[in-house]
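Q: I am new to reading models like this one. Could you take me through some features, one at a time?

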Amino acid sequence: MNHPAMTAATARRILTQLRHDPRTVALLLVVPTALMVLLRYVLDSAVGFSVVAPALLGVFPFTIMFLLTSVSTLRERTGGTLERLMALPLGKLDLLGGYALAFGAVAVVQVVLATGVSVLWLGLSVAGPLWALLLITVLDALLGTALGLLVSAFARTEFQAVQFMPVVVLPQILLCGLFVPRDSMSRLLNALSDVLPLSYAVDALTHVTHFAEVDGTLVRNMLIVAGCAGLALLIGAATLRRRTP
């Protein structure tokens, strides 16, 4: 059974730890925005930036949250912290929910900074509502968090956790439509992209930047991303171990 008080307590503990780790805070809050600034001046064109940036607003937080969450969760398990916590009346879903809540709160700040700088300073043109762009990007960061929590259950060392990135993250980046439109891919690759959640996040971000209306397709894509994040948390709770042997 899920206990909201336990989930909130776990989230507070994680946020307290992050507050005393300035390097991690800098990684979470500064790096995505810095990458968007770098991209803008590499392209040296507001028009070109508006074509590429929407997808990367989702890819950058997704990747960073995946790496940070998978490594930090594994570190707590190998250090025995999870074993001590789970000796308390704390369910696995409470624990992972607390992680998701804490990193989700950080993701909101991360996304607001990166999106705000991109729109107000770097010239990103957004045809649709700004709240939709922010919501999709936050969902994408939460998806990275949930997948990071999931893969941490299968890693024994921090290096192994990082090794999951080429398996879980990179195929999604290659097949999400960032480099080649998904409709232009071969039938096999297009079918693979259809089962990867990052594809729907990129489709949603592209839609918001090019179309003013919030239609059924956009809502469907956002629900798919949110549903995949929730499913990853549930599977992660079912496979989470107290301690790495």
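**Reading the model step by step**

Q: Is Ser 193 buried or exposed?
A: Relative accessible area decides: buried means under 20%, exposed over 50%, and partly exposed in between, with a 1.4 Å probe and protein chains only. Ser 193 has 0% relative accessibility, so it counts as buried. Before we go on, note that this is a predicted model, in which local features need pLDDT of at least 70 and side-chain atom pairs count only at pLDDT 80 or more, while totals for chains, interfaces and linings use all residues. Residues are numbered from 1 along each chain as its sequence is written, and side-chain values use heavy atoms, with hydrogens and water left out.

Q: Where does Ser 193 lie, and which residues does it touch?
A: Look for helix H11, residues 187-194, which holds Ser 193. Helices (DSSP runs of H or I, at least four residues) and strands (runs of E, at least two) are numbered from the N terminus. A contact means heavy atoms within 4.5 Å. Leaving aside residues up to four places away in sequence, Ser 193 touches Leu 175, Arg 182 and Ser 199.

Q: What average pLDDT does the protein have?
A: pLDDT is the predictor's confidence in each residue, from 0 to 100. The protein averages 83, and 89% of the residues score at least 70. Among the elements, H11 has the highest mean pLDDT, 93, whereas helix H5 (residues 81-85) has the lowest, 58. Where pLDDT is low, the predicted coordinates should not be read in detail.

Q: What span should helix H7 have?
A: The expected span of a helix is 1.5 Å times one less than its number of residues. H7 covers residues 130-152, and its 23 residues should span 33 Å; the end C-alpha atoms are 33 Å apart, which agrees. In H7, 18 of the 23 residues are buried, so this helix is largely enclosed by the rest of the structure.

Q: How many residues of H12 are buried?
A: The count is 11 of 14, so H12 too is largely enclosed by the rest of the structure. Among the buried ones are Pro 197, Tyr 200, Val 202 and His 207.

Q: What volume does the largest pocket have?
A: On a 1 Å grid over the protein atoms alone, a pocket is an open set of points where a 1.4 Å probe fits, with protein on both sides within 12 Å along at least five of seven lines; a cavity is a set the probe cannot get out of, and lining residues have an atom within 4 Å of a point. Points are joined across faces, edges and corners, and a volume is the space filled by probe spheres set on them. The largest pocket has a volume of about 420 Å³. It is lined by 20 residues, and those closest to its centre are Gly 177, Pro 181, Val 202, Asp 203 and Thr 206. H12 gives the largest share of this lining, five residues.

Q: Which elements give two or more residues to the lining of the second largest pocket?
A: This pocket has a volume of about 360 Å³. Its lining has 17 residues, with Thr 24, Leu 68, Val 71, Ser 72 and Arg 75 closest to the centre. The elements are helix H1 (4-19), helix H2 (22-29), H4, helix H6 (92-120) and helix H8 (158-163). H4 gives the largest share, seven residues.

Q: Where is Leu 122 placed?
A: Find the loop between H6 and H7. Leu 122 counts as buried, because its relative accessibility is 2%. Although Leu 122 and Phe 49 are 73 residues apart along the chain, their C-alpha atoms are separated by 8.2 Å. Phe 49 is one of the residues that Leu 122 touches, as are Met 36 and Tyr 41.

Q: What is the phi of Asp 44?
A: Asp 44 has a positive phi of about 55 degrees although it is not a glycine. You will find Asp 44 in the loop between helix H3 (31-43) and H4. With a relative accessible area of 62%, Asp 44 is exposed.
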